[in-house]
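Student: Can you walk me through this one? I'd like pockets first, then strands.

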Amino acid sequence: MAVSTDNNPRSKRRGAEAPFADQYRDWLRTMLLIRHFEERAGEAYSIGQIGGFCHLYTGQEAVAVGTISALRSDDYIVSAYREHGQALARGMTPNSIMAELFGKATGCSKGKGGSMHLFDFAKGFMGGHGIVGGQIPLGAGFAWAAKYRKTDQVSLTYFGEAAANIGSFHEALNMAGLWKLPAIFVIENNGYGMGTAVKRAAAITDLYLRAASYGMPGVEVDGQDVVAVRQAMDAAVARARAGEGPTLLDIRCFRYVGHSMSDAASGTYRSKEELDASRMRDPIALLEARMRDLDLLDDATLAAMDAEVIAEVAASVVFAEESPDPDPSELWTDVYAPEGQ
Ligand SMILES: Cc1ncc(C[n+]2csc(CCOP(=O)(O)OP(=O)(O)O)c2C)c(N)n1
């Protein structure tokens with residue numbers, strides 16, 4: 001049920017966020033869905049139900065929800081391997097994603113992609129990609145296609161701060177700036193590329209400054225605050241649709257878990273204290289507090305929403321468990337290599 005705040009004087013006082021208040025409930029639900037989905041995926045991985053690599057999104061929920069909520073359904077999205085949360089925010093079902101993680105035929109990539117390769121062409125979700133930075137030229141390409149066809153679609157590309165050191169980042173942003181492409185480049189700056197802190201890998205740690213080299217605005221954004229993310233994204237989308245060209249958003253966030261299921265959340269390259277400090281500004285707790293302040297949320301509503309989401313995720317695990325493996329005859333479909341090579 002959408003919550004209307006038209007007659008709520010407290011929301012009117014909060015001028016900047018009032019336009020978004022109707023959407024807070026959806027955002028909170030999606031962020032809770034992502035959090036619970038990732039927790040269950042982590043459990044399933046640890047008991048061997050999920051194979052291959054698995055990079056969880058826990059802690060970064062406000063980035064996916066704040067950015068994707070600003071898009072139209074025909075816009076393009078392309079990402080890296082930490083993309084479960086973005087796929088959920090785009091409206092891909094927990095069933096289709098969980099089944100993909102389990103390698104089942106009912107998965108969004110027919111069980112042949114796994115965690116790093118979630119695709120949904122109908123939703124403009126143009127994939128998770130495993131090569132660091134490999135998706136950035138693709139994002140520029142989707143933007144170029146939209147400009148060429150004179151649609152007013154925009155292209156949103158996600159990548160990590162370590163990917164911003166890869167050559168393809170500079171080449172793609174240069175072309176996007178030169179051709180004024182309707183592209184939005186989002187650095188999900190969680191501070192670490194695997195175990196390497198940004199200050200050990202980048203000559204300047206304020207990565208948004210790099211935008212100046214490519215003729216586009218660069219904006220630092222608080223990635224714990226879904227409203228701040230949405231406001232920055234709205235400005236970038238407006239620029240892109242108006243033909244004014246690309247924007248680089250440097251969204252500061254924190255991943256609560258290890259780089260992938262193979263490393264611990266803290267211990268080797270970051271301290272428990274650092275992790276605990278980041279949790280003091282949890283994106284879900286911040287949105288909950290904002291909603292309570294505006295009388296948009298009470299304990300019962302939150303508990304009901306949480307229970308509903310937990311049940312949805314649990315059902316996706318059952319769906320994945322009960323789904324069939326891909327048929328062996330599918331081995332050579334959807335691949336470029338000729339049969340037998
Ligand atoms: C071209 C390439 N080099 C190295 C790797 C190995 N690798 C996988 S993830 C990763 C770190 C990337 O960190 P970042 O871009 O900040 O994204 P995050 O994991 O923080 O979301 C590396 C080096 C790779 N997949 N591709």
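**Pockets and strands**

Student: Which residues line the second largest pocket?
Tutor: The lining is C108, S109, K110, K112, G113, H117, F119, T333, D334, V335 and Y336. On a 1 Å grid over the protein atoms alone, a pocket is an open set of points where a 1.4 Å probe fits, with protein on both sides within 12 Å along at least five of seven lines; lining residues have an atom within 4 Å of a point.

Student: What should I know about the model itself?
Tutor: It is a predicted model, where local features need pLDDT of at least 70 and side-chain atom pairs count only at pLDDT 80 or more, while totals for chains, interfaces and linings use all residues. Residues are numbered from 1 along each chain as its sequence is written, and side-chain values use heavy atoms, with hydrogens and water left out.

Student: Back to the second largest pocket. What volume does it have?
Tutor: About 360 Å³. That is the space filled by probe spheres set on the grid points, which are joined across faces, edges and corners.

Student: How do the residues of its lining divide?
Tutor: Four are nonpolar, four polar and three charged. Nonpolar covers Ala, Val, Leu, Ile, Met, Phe, Trp, Tyr, Cys and Pro; charged covers Asp, Glu, Lys and Arg; the others, Gly among them, are polar.

Student: And the largest pocket, what volume?
Tutor: The largest pocket comes to about 430 Å³. Its lining has 28 residues, and A80, Y81, R82, V132 and H259 lie nearest the centre. By class, that lining has eleven nonpolar, 13 polar and four charged residues.

Student: Which strand gives the largest share of the lining of the largest pocket?
Tutor: Strand 2, with three residues. Strand 4 (192–193), like strand 2, supplies at least two. Strands (E, at least two residues) and helices (H or I, at least four) are DSSP runs, numbered from the N terminus.

Student: Why is strand 2 called largely enclosed?
Tutor: Five of its six residues, 155–160, are buried, so the rest of the structure largely encloses it. Buried means under 20% relative accessible area, exposed over 50%, and partly exposed in between, with a 1.4 Å probe and protein chains only.

Student: What joins strand 1 to strand 2?
Tutor: Three bridges, and the two strands run parallel. Strand 1 is residues 76–78. V78 there stands opposite T157 in strand 2. Strands count as paired if DSSP finds at least two bridges between them.

Student: In what sense do strand 2 and strand 3 pair?
Tutor: Parallel, over six bridges. S155 has A183 of strand 3 as its bridge partner, and F159 faces I187. With helix 7 (residues 167–178), strands 2 and 3 make a right-handed β-α-β unit; right-handed means that, with the strands pointing away from the viewer, the path from the first strand over the helix to the second runs clockwise.

Student: Which residues point which way from strand 3?
Tutor: A183, F185, I187 and N189 point one way; I184, V186 and E188 point the other. Seven of the seven are buried, so strand 3 is largely enclosed by the rest of the structure.

Student: Over how many bridges do strand 3 and strand 7 pair?
Tutor: Six, in the parallel sense. Strand 7 is residues 247–252, and its D250 stands opposite I187.
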